[in-house]
Amino acid sequence: MKEAYDILVVGGGPGGALAAKAAAEAGLSVLLVEKRPAIGAPVRCAEGIGKGALAEFIEADPKWVSTDIERAVLVGPDGTRFTIGGEATGGKVGYVLDRKMFDRELVWRAAEAGAEIQVHARASAPIMIDGKLQGAVIHQHGKTYEVRAKVVIAADGVESKFAKWAGIDTTVPLWELETCAQYLVNDIDIDPKANVFYVSNEACPWGYIWIFPKGPRCANIGIGIAGTKSGEGHRAKDYLDRFMAKEFPNAKITELMVGGVSVCRPLECTVADNLLIVGDAARISDPITGGGIYNAMYTGDLAGKVAATAIKNGDTSKKALMVYDKTWREGPVGKTLARNYAVKESFIKMDDKKLNSIVHSMSDLSIEDLSVKKLVLAIFKANPWLALELPHLLKAL
Amino acid sequence: MINIRRDVCGYCGACVSVCPQGSLELIDAYLTVDTETCKDKCKICSTVCPLGAIEWVEK
């Protein structure tokens with residue numbers, strides 16, 4: 001580890017990896033620190049991503065693609081199933097990844113581009129001089145280093161400590177943090193080409209249960225519930241165990257994963273003097289699905305490029321870095337987040353009676369693709385009472 | 001005060017993201033609490049935990 005770099009990236013997930021790669025490719029000196037001893041582990045993810053989204057950044061590789069998904073199935077509280085995809089989408093829906101291998105590949109590419117990678121290296125505090133961020137204190141193998149950087153990219157995930165230390169409030173409201181538990185399950189009868197989503201306020205309040213296949217008889221089976229719905233005897237793992245006992249009593253569980261996903265609005269501002277915040281740390285996971293891999297890759301890549309330009313221009317002030325915030329917020333990512341937040345707000349609190357009514361009505365729908373807008377419009381058409389209940393949602397679409 | 005049950009904790013960081021005081025930190029697989037800043041009674045961390053690893057106990 002050197003004393004100074006152009007750019008310090010805190011966190012070795014997809015956001016940090018793409019930031020480090022983009023900055024290194026622009027010819028800057030980059031250090032990426034990951035506090036865990038291994039990149040990619042432990043997994044805190046259901047591992048799903050759309051094919052088109054992934055292809056923007058990397059070509060799919062069997063080394064880190066677990067399964068090819070052709071359909072999404074929505075299951076209502078009473079068990080009514082609605083399938084989206086199949087032939088109508090030309091089989092191009094998504095993948096379930098192997099995040100342990102995927103994250104390593106992304107960090108490896110950053111290293112190939114010239115970034116220095118340090119694992120088991122934890123940023124514990126920002127170095128602030130005259131109120132401005134100038135680097136970070138790094139602990140590794142019992143030693144402490146003061147690492148200077150012109151720009152720090154905070155990619156420290158859902159915990160989002162670094163930006164908080166630098167004075168930005170990243171706290172997620174309890175009711176907008178989905179608390180999640182997931183098992184890797186073997187020896188079960190599933191449709192290996194379908195990602196299944198169960199909605200029910202009783203079985204998974206203000207969240208959903210998912211089955212994402214990892215192989216022919218193997219899947220990630222997990223649940224997210226709102227933080228306010230969690231408590232002693234009714235935590236995410238309790239709900240998941242109830243679901244497993246009912247649906248897969250003979251399943252063999254080979255891994256337990258837990259995690260938190262924010263479904264709030266993004267941070268009001270994702271830059272400060274000499275600081276950019278990306279991915280989950282910026283609170284930009286999707287409010288409907290909880291998906292965060294693509295948004296992290298997109299913002300990470302953009303942050304690396306913006307930081308490189310700012311450093312070359314000799315101005316890394318908040319004003320100079322604002323182009324990062326403006327670009328993602330006003331582009332497709334920001335617009336989708338705003339729209340999906342409105343959709344989530346409208347549907348998340350519905351009781352099972354209303355959810356059943358919606359899923360029943362969907363059996364008559366002909367839906368050509370997985371677009372949220374088309375799906376919601378079709379649901380509105382089939383359920384005229386929704387227009388009275390959710391008058392604002394149509395505008396938000 | 002809060003008591004972290006290390007044998008139960010899955011070190012996922014959900015509690016860290018909702019702590020209004022920023023008192024919690026996940027150091028690799030080791031969750032720590034800053035007892036200077038922890039307000040002690042909000043119980044948000046013990047509520048959100050997916051596994052029930054954070055208890056609130058009388059001092």
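Let's start where the two chains of this predicted model meet: between chain B and chain A there are 15 residue pairs in polar contact, with both partners at pLDDT 80 or more. On chain B, the side that touches chain A draws at least two residues from each of α1 (14-18), β2 (24-27) and α2 (44-48). Sorted by class, that side has 16 nonpolar, 7 polar and 2 charged residues.

Counting residues in contact gives 25 from chain B and 31 from chain A. Together the chains bury about 2100 Å², and carbon and sulfur atoms give 58% of that area. Ser17(B), Asp28(B) and Pro50(B) supply 26% of what chain B buries against chain A, more than any other three residues. Asp28(B) also forms a salt bridge with Arg36(A), their closest N and O atoms lying 3.7 Å apart; the count between these two chains is 2 salt bridges.

Over all chains, the count comes to 28 salt bridges. In one of them, Lys63(A) pairs with Glu105(A) at 3.6 Å between the closest N and O atoms. This pair links distant parts of the chain, 42 residues apart: Lys63(A) sits in the loop between α2 (51-55) and β4 (65-69), while Glu105(A) belongs to helix α3 (residues 99-112). Lys63(A) is exposed, at 53% relative accessible area, whereas Glu105(A) is buried, at 14%.

Now turn to helix α7 (residues 318-330) of chain A, where Asp325(A) and Arg329(A) lie 4 residues apart, about one turn of the helix. Their salt bridge has its closest N and O atoms 2.9 Å apart. Asp325(A) is buried, with 4% relative accessible area, and Arg329(A) is partly exposed, with 27%.

Terms used. Residues numbered from 1 in each chain as written. Chains lettered and ligands numbered in written order. Predicted model: local features only at pLDDT ≥ 70, side-chain atom pairs only at ≥ 80, totals over all residues. Heavy atoms only, no water. Contact = heavy atoms within 4.5 Å. Buried area = accessible area lost by both parts, 1.4 Å probe. Salt bridge = Lys/Arg side-chain N within 4 Å of Asp/Glu carboxyl O. Polar contact = N/O pair within 3.5 Å; in protein donor to acceptor, adjacent residues only side chain to side chain. Nonpolar A, V, L, I, M, F, W, Y, C, P; charged D, E, K, R; others polar. Buried < 20%, exposed > 50% of the residue type's maximum accessible area, 1.4 Å probe, protein only.
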